[in-house]
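Student: I'd like to go through the labels on this one and see what each rests on. Can you set every value against its cut-off for me?

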Amino acid sequence: GGQGGVISAHLNGGAVCTAAGVELDGIDDFISLDSFTWGGEASLEAYVYIDRSSPTSFGIFDFHEPTSVGGAAERSHFGTDAMGILSFSSCCNSASGKSVGSRSNSKVNTMVWTHLVITIDATGNTELFIDGIFQKRSANAAEHVPPVANRTNMHIGRSSVWNNYFEGIIAYAKMYPYALTRNEVEYTYHDHLFDPAISYNFVDACSADVSNYALIDDESYIEATKHNGLKCSSEGLVFDGVDDYLTLEPFSWGGINGITVEIVLRMDELRASN
């Protein structure tokens with residue numbers, strides 16, 4: 001929860017960055033995140049490619065704290081169980097030490113790119129999605145809501161529940177400090193459907209207004225600077241048409257394989273202009 005921003009991520013074991021995402025060997029590779037405050041209403045999203053023919057248990061997001069709460073370590077885990085079923089579990093956000101969970105109705109396919117999302121609202125309603133399609137809703141369990149706390153054991157591709165490591169590629173892993181709606185989940189799925197590789201995110205121009213955390217590696221971000229009164233609003237950047245503009249730090253761009261540039265805009269003047 002809280003303000004969005006950039007969270008530093010670190011490759012462990014022999015994890016490597018590829019054009020498609022971060023490749024993990026299933027033996028000892030994983031991604032660790034710097035400590036930060038997380039909890040409350042949230043959504044987790046990732047594209048995954050499970051590089052094995054048979055389903056097994058994997059951790060996609062695993063936030064584990066050794067501090068005992070109600071006799072057990074506090075943990076939020078999003079991944080697949082031993083049957084390959086998409087699942088979310090939370091333990092233990094109460095003095096009772098109760099562990100609660102939610103499982104999808106479908107297995108996560110292997111050897112193909114798959115988009116996975118879990119949403120958790122403020123009252124503990126959770127919803128699971130595979131490839132933009134709603135799977136399962138678990139209603140109103142307060143223990144589902146992760147407690148807001150500074151987290152130190154933040155892992156992607158490593159499971160403290162199953163004590164194993166993800167085998168394949170994880171790309172476009174994101175965290176949101178709010179519960180995405182079903183329409184928003186469908187949009188994020190189709191928005192990245194054609195290329196699950198990590199996209200550039202111009203996050204620093206409006207750091208106070210950024211609504212999500214984009215993870216994986218530092219190369220996924222391009223610093224942007226506002227000039228001449230350019231302002232941020234809840235809808236985006238507001239340009240005055242006089243001298244406002246945005247500059248980006250230098251980065252490699254272009255190539256023979258084709259590129260796509262995407263922008264959503266609203267023009268506040270009807271006359272023709274350059």
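Student: What makes Arg182 count as partly exposed?

Tutor: Its relative accessible area is 41%. Buried means under 20%, exposed over 50%, and partly exposed is in between (1.4 Å probe, protein chains only). Arg182 at 41% therefore counts as partly exposed. Keep in mind that this is a predicted model, where local features need pLDDT of at least 70, side-chain atom pairs count only at pLDDT 80 or more, and totals for chains, interfaces and linings use all residues. Residues are numbered from 1 along each chain as its sequence is written, and side-chain values use heavy atoms, with hydrogens and water left out.

Student: How do you know that Arg182 and Glu127 meet in a salt bridge?

Tutor: The N to O distance is 2.8 Å. A salt bridge needs a side-chain nitrogen of Lys or Arg within 4 Å of a carboxyl oxygen of Asp or Glu, so this pair qualifies. Arg182 sits in helix 1 (residues 182-191) and Glu127 in strand 12, so the bridge ties together parts that are 55 residues apart in sequence. Helices (H or I, at least four residues) and strands (E, at least two) are DSSP runs, numbered from the N terminus.

Student: What makes Glu127, Arg137 and Arg182 a network?

Tutor: Glu127 also meets Arg137 in a salt bridge, at 2.9 Å from N to O, so that pair passes the distance test too. Arg137 lies in strand 13 (residues 133-138) and Glu127 in strand 12 (residues 126-130), so here the linked parts are ten residues apart in sequence. With Glu127 bridged to Arg137 and to Arg182, the three are linked in a network.

Student: Is Glu127 buried or exposed?

Tutor: Glu127 is at 8% relative accessibility, so it counts as buried. Arg137, at 39%, counts as partly exposed.

Student: How many salt bridges does the structure hold?

Tutor: Four. One of them pairs Arg103 with Asp81, the closest N and O atoms being 2.7 Å apart. Arg103 is in strand 10 and Asp81 in the loop between strand 8 (72-80) and strand 9 (85-91), 22 residues apart. Asp81 has 9% relative accessibility, so we call it buried, while Arg103 at 41% is partly exposed.

Student: What makes the phi of Tyr172 worth a remark?

Tutor: Phi is near 50 degrees, a positive value in a residue other than glycine. Tyr172 lies in strand 18 (residues 167-176), and its 8% relative accessibility makes it buried. Met111 also has a positive phi, about 60 degrees, without being a glycine. Met111 is in the loop between strand 10 (100-107) and strand 11 (113-120), and at 40% Met111 is partly exposed.

Student: Why are Leu237, Phe239 and Tyr245 called a nonpolar patch?

Tutor: A patch takes residues with over 30% relative accessible area and no salt bridge, joining nonpolar side chains (Val, Leu, Ile, Met, Phe, Trp, Tyr) within 5 Å and like charges within 9 Å. Tyr245, in strand 23 (residues 245-248), is at 40%, so it clears the area cut-off. Together the three have about 280 Å² of accessible area, from the Shrake-Rupley method with a 1.4 Å probe, where for residues only the protein chains shown count as cover.

Student: And which residues touch the most other members of the largest nonpolar core?

Tutor: Phe61 and Phe78, in a core of 34 residues. Strand 6 (residues 42-50) gives the largest share, five residues. A nonpolar core is a set of buried Ala, Val, Leu, Ile, Met, Phe, Trp, Tyr and Cys residues joined through side-chain atoms within 4.5 Å. A second, separate core of five residues includes Val117, Phe129, Leu180 and Val185.
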